[in-house]
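This briefing is for a reader meeting the structure for the first time. Please look over the sequence and the model before reading the points below.

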Amino acid sequence: MRTILLIILIWTLSPTSYFAQIISKEGKVIKEKKTKAPSYIVFDANHTNSFRKLGENKQFITLPLGERAKETPLKIWSYFLGMNTSLNRFLRFQGGISFLQTGEQYLYQGALGSDSTYSYQTKYRYFAMPCQLTFEQGKQLRFSIGAGIMPQLFNSYRQNQQWKTELGGKYDNTNKEGSTCNSFGLSLVSSAGLHYVSAKTWGIYFKMTYRYQLTNTLTKYGDYEHFSKGLGYSIGISKNIE
């Protein structure tokens with residue numbers, strides 16, 4: 001069984017070629033066509049409008065959402081390095097490692113005539129492993145659409161806080177207390193975009209992306225149930241592996 005799995009893994013990660021032959025009535029091969037579907041390495045930066053689905057934690061302690069209900073999406077960057085390999089003529093598999101960020105933000109403005117403000121930007125950071133099956137069609141200019149899952153290992157929590165008093169004093173603070181964050185997460189991911197590959201096998205691509213976290217960001221002892229989600233885009237480069 002291990003040998004079979006090893007053979008499948010090597011075949012999946014190896015550049016793939018397809019052959020088509022035209023055979024005459026006499027059974028002779030009169031033309032042979034070779035179409036390459038090579039694997040390629042990819043690196044991209046993803047810019048996402050990140051937000052969350054937030055609810056009361058009824059399993060541990062029920063707290064009203066309060067001011068957290070007024071949080072808004074946070075624009076945030078993530079980064080991905082991986083490999084895209086062919087499974088058949090149109091179907092491909094892409095996997096790799098990502099430095100993933102999710103989050104949200106909040107802004108409080110004092111009553112009319114008051115100069116007091118309070119704001120924060122919350123970021124949850126992960127090492128993630130996005131895996132997608134993609135349908136790709138085209139030669140130099142390719143269209144792709146895909147979907148998959150993304151396991152996530154929690155790395156750190158960071159909340160940058162800023163406030164201003166009525167007297168004009170400005171202050172800031174950074175909170176790194178992430179003890180109630182879940183160590184593992186799982187998200188659904190999807191993408192659709194265009195990929196241009198030059199004659200020298202370098203390529204550039206642009207994709208629209210969406211992700212939705214299936215698991216709670218916080219443990220059962222957290223104040224709320226928190227599920228990250230985000231809509232954004234990726235810009236990246238690729239290099240064929242001949």
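In this predicted model, lysine 207 sits over the face of tyrosine 205, 5.2 Å from the centre of the ring. The protein has 242 residues, with 1 helix and 12 strands.

**Overall make-up**

- Of the 242 residues, 38% count as buried.
- The accessible surface of the protein is about 14700 Å², and carbon and sulfur atoms make up 63% of that surface.
- Among contacts with a separation of 6 or more, 66% are between residues 24 or more positions apart.

**Strands β8 and β9**

- Strand β8 covers residues 141–164 and strand β9 covers residues 170–175; the two run antiparallel and are joined by 6 bridges.
- Glutamine 162 has aspartate 172, in β9, as its bridge partner.
- The two strands form a hairpin with 5 residues between them.
- In the turn of this hairpin, glycine 168 has a positive phi of about 95°.

- The structure contains 10 aromatic pairs.
- One of them joins phenylalanine 99 and phenylalanine 127, whose ring centres are 6.3 Å apart; the planes are at 55°, so this pair is tilted.
- Phenylalanine 99 belongs to strand β5 (residues 91–109) and phenylalanine 127 to strand β6 (residues 117–128), so the pair ties together parts that are 28 residues apart in sequence.
- Phenylalanine 99 has a relative accessible area of 27% and is partly exposed; phenylalanine 127 is also partly exposed, at 45% relative accessibility.
- Tyrosine 106 and tyrosine 118 form another tilted pair, with 6.4 Å from centre to centre and 55° between the planes.
- Because tyrosine 106 lies in strand β5 and tyrosine 118 in strand β6, this pair ties together parts that are 12 residues apart in sequence.
- Tyrosine 106 counts as buried because its relative accessibility is 7%, which is under the 20% cut-off.
- Tyrosine 118, at 27% relative accessibility, counts as partly exposed.
- Ring pairs link Tyr106 and Tyr118 with Tyr120 into a cluster.

Definitions and conventions: Residues are numbered from 1 along each chain as its sequence is written. This is a predicted model: local features need pLDDT of at least 70, side-chain atom pairs count only at pLDDT 80 or more; totals for chains, interfaces and linings use all residues. Side-chain values use heavy atoms; hydrogens and water are left out. Two strands pair if DSSP finds at least two bridges between them. Helices (H or I, at least four residues) and strands (E, at least two) are DSSP runs, numbered from the N terminus. Buried means under 20% relative accessible area, exposed over 50%, partly exposed in between (1.4 Å probe, protein chains only). Contact means heavy atoms within 4.5 Å. Accessible areas come from the Shrake-Rupley method with a 1.4 Å probe; for residues, only the protein chains shown count as cover. Rings of Phe, Tyr and Trp (its six-membered ring) pair if their centres lie within 6.5 Å; planes under 30 degrees apart count as stacked, over 60 as edge-to-face and the rest as tilted. A charge sits over a ring if NZ of Lys or CZ of Arg is within 6 Å of the ring centre and within 35 degrees of the ring normal.
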